[in-house]
Amino acid sequence: MDSPFLDMHDIDIAAYLQDRYQVPVTIANEANLAAVYHRDFDNRDNQLNNLVLVSIQRGVNMGLLLDHHLYQGGQGRAGELGHVRENGQQLTSTSSEATIISHISNAKGENQLSLAEVKKYHQHRDNTTEMILTDWINQLAQITLNLTSLYDPDEIMYKSPLMDAIPELFDRLKTITTQLSPMQETPTPLSLVAHTKYASLLGGCAMVTRKILDLEDLELNFTPVRERALV
C-alpha cells in the first residue's frame, strides 16, 4: 500500500515471496508487530486489553490492540500516524527520529549524526540540541494526549531508539503529559517497549506461530529461548 523509504511501490512482495519459496506469506508493519510482541511476550497477566504503541524511527507509526486483538483497518492502514497532518505537515516530517536527528545535525553543521553522537551532545548540555529535543518531547506529549482522547487505551507505549539511548527524554515525556492532562482525568500510563531492537522480530515470530497453528484468537504467552541475550 505504501513504501516511503524503499522503492517498492506496485510490487506485490507477498506474492513474490510466496511464489519463490512456496510457503504462505504474511506481511505486517513493524509497529503492529511490536504491539503483538508486547501482547504475547511481555503481558504476563493478560490484563492489557487495549494498547496504543507508537513507534518512532524513520517514520511515525502506530500499532493498535483493541480488546486484545490487533486492529489493522479495512486495508491494513490503521495506525499510520505519520500520515496525520498538523499545520499542513505530516507527522513523519516533524516528529520522526530521523527528522529530529537531521535538525540537530544541520544546526551543528555536521553530517548525519549517530544516536551516540546526539547522546553526547545531550550529555554536554548543548543548548541547540536541548532546544530541539525539548520541542520534540512537547510535540509527543500533545500526540499522547490526542491518542488518549481518541482511543482511551489501558496504556500507551513508545518504541524509540532515541529515548532508549537517552531515557531522560521519556521521563520528560511522562512529566509533561501528566502536567497537560485535564485535572479530572487520570493520565494514561506510559511505558517504553522492552527490547526495542528485537520487539518487531519477535512479534513476527508470534504472529507466524499463531497462523501456522491456527491459534490466532487464543491467549498465549511466549518466552524467548535465550531471554538473557535480549537484555
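Modeller: The second largest pocket is lined by 13 residues, and those nearest its centre are Arg 39, Leu 70, Gln 72, Met 207 and Glu 216. Keep in mind that this is a predicted model.

Biologist: How is such a space found, and what volume does the second largest pocket have?
Modeller: Rolling a probe the size of a water molecule over the atoms shows where empty space is left. Here the second largest pocket has a volume of about 280 Å³. The elements that give two or more residues to its lining are α2 (30-41), β3 (69-71) and α9 (199-213).

Biologist: Which element gives the largest share of the lining of the second largest pocket?
Modeller: That is α9, with 3 residues. By class, the lining has 5 nonpolar, 3 polar and 5 charged residues.

Biologist: Let us turn to the sheet. What is the order of the strands in the open sheet?
Modeller: The open sheet has 5 strands in the order β3-β2-β1-β6-β7, and the pairing is mixed. Its edge strands are β3 and β7 (190-192), each of which pairs on one side only. Neighbouring strands are turned by 25° against each other on average, direction ignored.

Biologist: How should I read the side chains along a strand, and how many residues of β2 are buried?
Modeller: In a regular strand the side chains alternate between the two faces of the sheet. Strand β2 (residues 60-66) is mostly covered, with 6 of its 7 residues buried.

Biologist: Which way do β1 and β2 run, parallel or antiparallel?
Modeller: β1 and β2 run antiparallel and are joined by 6 bridges. One of the pairs to look at is Ser 55 with its bridge partner in β2, Asn 61. A hairpin through 3 residues joins β1 to β2.

Biologist: And which way do β1 and β6 run, parallel or antiparallel?
Modeller: Strand β1 (residues 51-56) and strand β6 (residues 155-159) run parallel, with 5 bridges joining them. Leu 53 has Met 157 as its bridge partner in β6.

Biologist: How many bridges pair β2 with β3?
Modeller: β2 and β3 pair over 3 bridges in the antiparallel sense. Leu 65 stands opposite Leu 70 in β3. Leu 70 is also among the residues nearest the centre of the second largest pocket. The hairpin of β2 and β3 has 2 residues between the strands, and Asp 67 takes a positive phi near 50° there.

Biologist: Where else does a residue other than glycine take a positive phi?
Modeller: Asp 214 does, with phi near 55°. Asp 214 is in the segment after α9 and is exposed, since its relative accessible area is 63%, over the 50% cut-off. His 195, not a glycine either, has a positive phi of about 55°. His 195 is in the loop between β7 and α9 and is partly exposed, with a relative accessible area of 23%.

Biologist: Now the charged side chains. How many salt bridges are there?
Modeller: The count comes to 8 salt bridges, where a side-chain nitrogen of Lys or Arg must lie within 4 Å of a carboxyl oxygen of Asp or Glu. In one of them, the side chains of Arg 39 and Asp 40 meet at 2.9 Å, N to O. Both Arg 39 and Asp 40 are buried.

Biologist: Which residue forms a salt bridge with Lys 108?
Modeller: Asp 126 does, at 2.8 Å, N to O. The pair links distant parts of the chain, 18 residues apart: Lys 108 is in the loop between α4 (97-107) and α5 (115-123), and Asp 126 is in the loop between α5 and α6 (127-151). Lys 108 counts as partly exposed because its relative accessibility is 27%, whereas Asp 126, at 15%, counts as buried.

Biologist: Which residues are linked in a network of salt bridges?
Modeller: The network links Arg 125, Glu 130, Glu 168 and Arg 172. Within it, the closest N and O atoms of Arg 125 and Glu 130 are 3.7 Å apart. Arg 125 is partly exposed at 46% relative accessibility, and Glu 130 is buried at 13%.

Biologist: Last, how far apart in space are Leu 147 and Val 52?
Modeller: They are 7.8 Å apart, C-alpha to C-alpha, and 95 residues apart in sequence. Leu 147 is in helix α6 and is buried, with a relative accessible area of 3%.

Note on methods: Residues are numbered from 1 along each chain as its sequence is written. This is a predicted model: local features need pLDDT of at least 70, side-chain atom pairs count only at pLDDT 80 or more; totals for chains, interfaces and linings use all residues. Side-chain values use heavy atoms; hydrogens and water are left out. On a 1 Å grid over the protein atoms alone, a cavity is a set of points where a 1.4 Å probe fits but cannot get out, and a pocket is an open set with protein on both sides within 12 Å along at least five of seven lines; lining residues have an atom within 4 Å of a point. Grid points are joined across faces, edges and corners, and a volume is the space filled by probe spheres set on the points. Helices (H or I, at least four residues) and strands (E, at least two) are DSSP runs, numbered from the N terminus. Ala, Val, Leu, Ile, Met, Phe, Trp, Tyr, Cys and Pro count as nonpolar, Asp, Glu, Lys and Arg as charged, and the others, Gly among them, as polar. Buried means under 20% relative accessible area, exposed over 50%, partly exposed in between (1.4 Å probe, protein chains only). Two strands pair if DSSP finds at least two bridges between them. Axes are lines fitted to C-alpha atoms, for helices over the stretch in contact, and angles run from 0 to 180 degrees between N-to-C directions.
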